[in-house]
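Take a look at the model below. This report walks through some of its parts, one at a time.

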Amino acid sequence: MKKFLDYAGIDEERLVLKWVSSAEGPRFAQVVTDFVEKIRKLGPSPLRARPVKEEAG
Amino acid sequence: MIEEIKEHVKRLLDEGTISGFLGLKDQHGTIVPHLYKTSDDLDDGFSIGATEGGAPARYPMASLIMTIATTYENGKVGVLLRGCDERALNELLRWNQIPEAADRIVRVGFACKKELAEAHECRKPFPDECIAGEKTEPVSNASLKELESMDVTGRLNYWLREFDRCIKCYGCRDVCPVCFCNVCTLEEDSLIRTGDLPPENPMFHLTRAVHMAGRCIDCNLCTEVCPAEIPLRTLYKKVAEIVNHG
C-alpha cells in the first residue's frame, strides 16, 4: 500500500499501518498521538491545494 | 492464419464437438463479437480482429464467453482466444466466476503478430495452445521506469494531469474482462461522490487501481478504449508488480 501511494505521488509517510490488540488501550492512544504529531509536522496534504467543488443544490 | 482458424472451427462445429462459437465478425467494416451456430455462418465475414495494432478491434472475449457459457444450454461452446483473452479466462476461472460452465468452454487460441504484441507491450502474446499463428517473444515495457524516475511530487502532478481529463465514461471498467462485481464501488456515492466531472481525483482512479490488484491481466483494453487516453495500464501494472514481487 505504501509503495502504491508512493507511485501515485502521495508521500508514503502519510499512511501508518500498525497492529494493536483490543487489550492495548494505552498503546493505541500512543500510536494515534504519534501519528497525529507526525502528520502535523508534514503539513496539509498536497491534494488539499486542489479547488474543492461546491455541493450541488 | 484466419483460414486455419476457420477450418478448425468448422471441423469442431461439423463434428458436433461444439454447438456454437464465439468469434468476431466483420459487419460492413466494423468488427463485432458474434456467436456462430453453423459452419456455413463462418463463411460470412468471419474475423479475428486486430492483427497489427492501430485499429482497436479487440474485445473482452473472456467475459463475453462467461455470460454465454452460463446461459447456453446447448452443449459446448467454443471461443476465439488471444494470449490476453486466455489470461482473462483463467483469471475468471480462478475467481470461480464460471462455476458450472467451465467444462463447456472449448478454447480456440491463436498467437498475435509481433506488431500487435509490440503495440500493446504484451507480456505473453499467445495462449498455451495455438491453432494458428507463430508464437512471438514477450515484449517488456518501459513505461514504468520513466515514472519511477520522477520524484513524488512530479508523479502526483503527472497523475492528476492525466486523471483530470477523465470524462467518467466507465469505459475502463466496462471493457475490463476481469471486472465482475455486481455492485461497483465507483458508483457508490458514499465512497466516491457521483455526478462530478472530472470525478473525484485521484480517488476515482486510485480506487479502481487497488481493485485491480492481483486481478489485472495486463491486456491493455482499458487504455485502448479510454477516450481521454489516460495511461491506466501503467498504473495497474505497478499494482500488479507490488502484489507479485512485493
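## A helix and its surroundings

The buried residues of α3(B) are G83(B), C84(B), D85(B), E86(B), R87(B), A88(B), L89(B) and L92(B). Buried means that 20 or more other C-beta atoms lie within 10 Å of the residue's own; exposed means 12 or fewer, and partly exposed is in between, with C-beta atoms placed from the backbone. This is a predicted model, in which local features need pLDDT of at least 70, side-chain atom pairs count only at pLDDT 80 or more, and totals for chains, interfaces and linings use all residues. Residues are numbered from 1 along each chain as its sequence is written, while chains are lettered from A and ligands numbered from 1 in the order in which they are written.

Helix α3 of chain B covers residues 83–94, which is 12 residues. Helices (H or I, at least four residues) and strands (E, at least two) are DSSP runs, numbered from the N terminus. From first C-alpha to last, α3(B) reaches 17 Å, close to the 16 Å expected at 1.5 Å a residue. That expected span is 1.5 Å times one less than the number of residues. What covers the buried residues of α3(B)? The cover includes α2 (61–71), β4 (77–81) and β5 (105–109) of chain B. After α3(B) comes N96(B), with a positive phi near 60°.

## Strand β4 and its partners

Strand β4(B) is largely enclosed by the rest of the structure, because four of its five residues are buried. β4(B) pairs with β1 (residues 20–27) of chain B in the parallel sense, over three bridges. Strands pair if DSSP finds at least two bridges between them. The bridge partner of L22(B) in β4(B) is V79(B).

β4(B) also pairs with β5(B), again in the parallel sense, over five bridges. Here V79(B) has R107(B) as its bridge partner in β5(B). Together, β4(B), α3(B) and β5(B) make a right-handed β-α-β unit. Right-handed means that, with the strands pointing away from the viewer, the path from the first strand over the helix to the second runs clockwise.

## The nonpolar core

In soluble globular proteins, nonpolar side chains tend to be buried together. The largest nonpolar core here has 63 residues. Such a core is a set of buried Ala, Val, Leu, Ile, Met, Phe, Trp, Tyr and Cys residues joined through C-beta atoms within 7 Å. Which members touch the most others? They are M61(B), I65(B), V79(B), L80(B) and A88(B). α2(B) gives the most to this core, with five residues.

Leave aside neighbours within four places in sequence. M61(B) is then in contact with L22(B), V79(B), L80(B), L81(B) and D85(B). Contact means that the C-beta atoms, placed from the backbone, lie within 7 Å.

## Chain A

Chain A has two helices and zero strands. Buried residues make up 9% of its 57 residues.

The contact between the chains takes 11 residues from chain A and 13 residues from chain B. On the side of chain A that touches chain B, six residues are nonpolar, one is polar and four are charged.

## Backbone details in the loops

A cis peptide bond joins N201(B) and P202(B), with omega about 5°. P202(B) lies in the loop between α7 (171–175) and α8 (203–211) of chain B.

E121(B) is not a glycine, yet its phi is positive, about 45°. E121(B) counts as partly exposed because it has 18 C-beta neighbours inside 10 Å. K168(B), also not a glycine, has a positive phi of about 50°. K168(B) sits in the loop between α6 (152–163) and α7 of chain B.

Definitions and conventions
Two residues are in contact if their C-beta atoms, placed from the backbone, lie within 7 Å. Ala, Val, Leu, Ile, Met, Phe, Trp, Tyr, Cys and Pro count as nonpolar, Asp, Glu, Lys and Arg as charged, and the others, Gly among them, as polar.
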